[in-house]
Structures are given as C-alpha cells and as structure tokens.
Amino acid sequence: MTNAPSRALDASNMGRLIEGAGDQIRQALDREGWGPPAGMPAPASPDLLAVGAMGGSAIAADLTWALVRSQCPRPIVVVRDYRLPACVTPASLLLLASHSGHTEETLSLAADARERGIPWVALTTGGRLGELAAEAGVTRRALPGGAPPRAVLYASWVAVTRLVAALGWIPDPADAWREAAAALDARVREWGRDADAASNDARHIADALSGRLVIVYAEQRLEAMATRWRQQVNENAKLLAHSAVVPELNHNEVVGWERPGAIAHGAAAVLLRDGFESPANETRLALTAEYVGRQGVRVVEPAAPSGGAIARAASLALLGDFVSYYLAMANGVDPTPIVSLDEFMRRLAERRAPGGAANP
C-alpha cells in the first residue's frame with residue numbers, strides 16, 4: 001500500500017476540495033434556483049435542452065442525462081464544439097456553462113445562439129460569458145470560484161438537475177441531493193486522507209491501478225461516470241486512461257484483447273457498477289471481466305454504493321475523485337496544476353485566426 005498522502009505534495013489542496021463535496025452540494029442547494037428562461041415564459045417548454053460546455057462543465061450535463069433519461073420526456077444534448085447542431089432551434093433552450101466564463105468554444109456557441117435566435121441561460125463564475133449574459137438580459141446562475149472546474153462538479157451537477165426540474169421534466173431533486181450530501185460525508189470518513197489506510201477502499205483501488213494503464217468499463221447507462229473517472233485520472237494523476245461501455249465494447253473492443261501483448265500485463269480494468277445494472281448488462285460485465293482477466297489484465301471491481309439514484313451516482317463520482325487523488329500521490333505529482341493543458345492553450349492562442357477568433 002502507498003504511504004499516507006503527502007500534504008506538502010498536494011500544494012494546492014485538491015484533497016481538501018474533494019473532501020468538501022458534501023458541503024459543495026449543500027451550498028449549491030442554497031443558491032438561487034432557475035425561473036422561466038427569458039424568451040420562453042411558463043408554461044412553455046423547450047423541445048430539448050442543449051448544454052454547451054467543455055471539460056468539467058460538460059460532464060455535469062452528461063451525468064444529469066444519465067440520471068434522468070428514463071423519466072425525462074425530452075432530450076438533453078451536450079455540445080462540445082464551436083457550433084450548435086441544426087436540431088437546436090429557437091424552440092429549444094441552451095444552457096451555456098463555463099466555470100471561468102472564458103471558454104472559447106462556449107463563447108462561440110453564445111454567438112451562434114444570438115445569430116439564430118436561440119434562447120439561452122448561463123452557468124458561470126463570471127468572465128466574458130457573464131458579461132454576455134448581462135448584456136443579453138438572460139438568466140445567469142453562479143458557480144463557486146477559487147477551484148479548478150473539475151473540483152466543482154457537484155455544484156454544476158446540482159445546478160443542471162435543478163434547471164431540468166424547473167422545466168417541469170423531473171421532480172424537484174433537492175431532497176435527493178441532500179441524501180447524496182450526507183452519503184458523501186460518510187464516504188469522506190471512509191476514503192478521506194485521515195481515514196484508516198487499512199480499510200480505505202479508495203486507496204486500495206489506487207494501489208491496484210498504480211503504474212498501470214487505467215481502463216474503466218461500465219454499462220452504457222454509466223458511460224458518463226466512466227468518462228468522469230477517466231478525466232479525473234487524466235487531470236489529477238497526469239496519466240493516460242481509457243473508458244468504454246457494454247454492450248458496445250462486446251461488439252468490437254473485446255476483440256482487441258485477443259492479442260494484446262505486453263499492454264495487458266501493464267493494464268488494469270475498473271468495472272463500475274451502481275447496483276442498478278440490467279441483468280443482461282451485468283452478465284456482459286462479468287464475462288468481460290473474466291475474459292480480460294484471462295488475458296493478463298488486472299481486474300478491479302469496486303463495491304456498488306447504496307441509497308437513491310443521485311446518492312449512488314455522487315458516491316461513484318467521489319470514489320473516482322479519491323482514486324485519482326491517491327494515484328497522483330503515488331505518481332509524485334501535485335493533482336491541481338495542468339501544465340500541459342496550459343501550454344496547449346497558449347500555443348492555440350498563438351495560432352488564432354485574424355480578428356482574434358480561434359479557427360473552429
């Protein structure tokens with residue numbers, strides 16, 4: 001087992017941010033909710049909700065759709081690009097989410113929405129997106145500042161689910177989020193930095209993954225959760241990771257394990273479950289684990305959480321946060337800085353087209 005996490009290595013205190021997830025949910029519930037969007041007075045309802053966002057802001061919308069898709073009468077479309085698809089029209093509603101308010105793809109979507117007369121609302125700490133919202137007179141709701149976007153997932157997630165509820169598509173999720181906050185408080189006591197290392201499942205999982213290519217498998221309903229785990233391993237631990245879902249991976253990716261070579265012995269597959277898996281997909285996950293295990297892949301299967309759907313989803317997300325944190329400690333890196341991303345953005349800015357707009 002790895003040594004106790006070094007507080008000195010975690011210079012920016014990502015561990016503290018992760019451990020504050022329950023409070024982050026409660027504070028988000030205390031913020032102002034959503035009223036009828038400007039240009040679309042109640043009881044009118046959009047034909048779909050589009051969410052224009054990137055990275056940590058976008059995954060909250062993906063996770064929301066995973067939670068509500070079985071009861072939501074209209075789709076949520078997440079747009080990670082510079083232009084909106086044709087299906088997003090003036091009859092739709094667009095949520096533009098950017099933690100900094102300066103995400104260039106999201107600002108490009110704001111211009112697209114303005115040109116096409118699409119009503120929109122904003123979720124941001126401020127920045128240029130906040131200015132555009134004020135200029136346009138559209139509803140804007142705040143996100144907490146002072147932390148990386150990936151560390152305010154729970155605030156973003158609460159806000160998106162409350163918007164879906166404000167549209168009348170799902171019941172008010174506040175009570176379910178309060179249950180989730182209490183569940184995360186309990187998980188912090190089990191998985192946090194001060195928890196007993198011998199019984200800390202998050203640290204055990206990180207130990208099993210350390211030094212290996214991390215592969216995250218789940219059923220299709222949990223695709224967004226698998227993506228969140230992958231992204232947290234990328235950004236916090238500074239490691240490559242991969243994710244895929246059943247049943248799709250059983251139609252293609254599984255064949256790639258026939259002749260994996262040395263990759264298999266340097267990989268670990270995490271099978272995510274929340275306890276709501278269909279019998280068919282549970283069988284597929286079990287057979288997938290059995291097959292890749294025979295090929296030399298280390299298989300890690302965290303216990304499914306308990307509680308309501310939101311509490312279970314939040315617990316799985318928090319487990320991924322802690323696992324990625326402990327992987328960062330084992331990798332000898334501060335989980336907060338994203339040097340390579342900052343460098344990429346600098347180089348991207350240098351190649352902007354005339355007039356200051358980045359080439360889409």
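Is Asn 13 buried, partly exposed or exposed, and what is its relative accessible area? Asn 13 is partly exposed, at 27% relative accessible area. Buried means under 20% relative accessible area, exposed means over 50%, and partly exposed lies in between (1.4 Å probe, protein chains only). Asn 13 lies in the segment before helix H1. Its phi is positive, about 65 degrees, although the residue is not a glycine.

This is a predicted model: local features need pLDDT of at least 70, side-chain atom pairs count only at pLDDT 80 or more, and totals for chains, interfaces and linings use all residues. Residues are numbered from 1 along each chain as its sequence is written, and side-chain values use heavy atoms, with hydrogens and water left out.

**The chain as a whole**

The chain holds 13 helices and 9 strands. These are DSSP runs, numbered from the N terminus: helices are H or I with at least four residues, strands are E with at least two. The C-alpha trace spans about 55 × 45 × 40 Å along its principal axes. Of the 360 residues, 52% count as buried. Contact means heavy atoms within 4.5 Å. Among contacts with a separation of 6 or more, 80% join residues 24 or more positions apart. The chain carries 35 positive and 39 negative side chains, and the centres of the two sets lie 2 Å apart. Lys and Arg count as positive, Asp and Glu as negative; His and the chain ends are not counted. Each charge is placed at NZ of Lys, CZ of Arg, CG of Asp or CD of Glu.

The expected span of a helix is 1.5 Å times one less than its number of residues.

| Helix | Length | Expected span | End-to-end C-alpha distance |
|---|---|---|---|
| H11 | 16 residues | 22 Å | 23 Å |

H3 is largely enclosed by the rest of the structure, because 11 of its 14 residues are buried. Gly 56, Asp 62 and Val 68 are among them. The buried residues of H3 pack against strands E1 (49-52), E2 (76-79) and E3 (93-98), and against helices H6, H9 (223-237) and H12.

H7 has buried residues including Trp 177, Arg 187 and Trp 191. Its buried residues pack against helices H1 (14-19), H2 (21-30), H6 (153-166), H8 (201-209) and H12 (309-331).

H11 buries Asn 281, Leu 285, Thr 288, Ala 289, Tyr 291 and Val 292. These residues pack against strands E6 (213-219), E7 (241-246), E8 and E9 (298-300). Just after H11, Gly 296 takes a positive phi of about 105 degrees.

**Loop residues**

Glu 277 sits in the loop between strand E8 (267-271) and helix H11 (279-294). Glu 277 counts as buried, at 13% relative accessibility. Leaving aside neighbours within four places in sequence, Glu 277 is in contact with Glu 219, Arg 221, Leu 222, Leu 272, Glu 282 and Leu 285. Its C-alpha atom is 24 Å from that of Ser 324, 47 residues apart along the chain.

Lys 238 lies in the loop between H9 and E7. Lys 238 has a positive phi of about 60 degrees although it is not a glycine. At 31% relative accessibility, Lys 238 counts as partly exposed.

Pro 247 is found in the loop between E7 and helix H10 (262-265). The peptide bond from Val 246 to Pro 247 is cis, with omega near 10 degrees.
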